[in-house]
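Please keep the sequence and the coordinates at hand while reading.

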Amino acid sequence: MEYRSLPFTIYPSKAKLIRLLLTAVAFTAIGVWLGAGGDSLGWFCAAFFGLGGAVFLFQFIRPTNRFLTVDERGIEFGSPTSKSRFAWSELSEFKTYAGLPYLRFQAKFVGFNFSPAYNGPAKAQGVTKAMYGFDNQLPDTYGYSAEDLAELLTYYRSVHGESAK
């Protein structure tokens, strides 16, 4: 694995967004076809996947609102609606997990646990911990495999985190 010099910012894979956008367009078209044939569920599907397509198009056009920044102080990641920042000293580990374990094809994500030094809000911790076994998770893998991203963040935490000293 190649380690970058700090700070750096990475963004979600454009290829992944294009695949998601094309999938949403295809399901929207199927929904319209079914709806035009008299199936009211088709219109619901068209609206649902049409909205998803609009979200993916927005993310493709404006990728700067979804990011992961890694620096000497910690990590910051953003989504279209929020940003989160954690110091290295607040993080104890990064691991991978399979999202939605009941699906045949599972996407992998990076979860992380907080160290005892973390004193931030615990709003989502209970739900995330119960579902996946982690205090929180990254919303994307930013073009990396989940394993490589977890390894990368573990390395920077070990080098820059107070818990490693």
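**Backbone, helix and surface**

Tyr142 is buried, with a relative accessible area of 4%; buried means under 20% relative accessible area, exposed over 50%, and partly exposed in between (1.4 Å probe, protein chains only). The model is predicted, so local features need pLDDT of at least 70 and side-chain atom pairs pLDDT 80 or more, whereas totals for chains, interfaces and linings use all residues. Residues are numbered from 1 along each chain as its sequence is written, and side-chain values use heavy atoms, with hydrogens and water left out.

Tyr142 has a positive phi of about 55°, although it is not a glycine. Most residues other than glycine have a negative phi, and most peptide bonds are trans. A cis peptide bond, with omega about -5°, joins Leu6 and Pro7.

Leu17, Leu21, Ala24, Thr28, Gly31 and Gly35 are buried in H1. An α-helix has 3.6 residues a turn, so residues three or four places apart point the same way. The buried residues of H1 pack against helix H2 (40-61), where contact means heavy atoms within 4.5 Å. Just after H1, Gly38 takes a positive phi of about 105°.

Met1 is found in the segment before strand E1, and is partly exposed at 42% relative accessibility.

Definitions and conventions
Helices (H or I, at least four residues) and strands (E, at least two) are DSSP runs, numbered from the N terminus.
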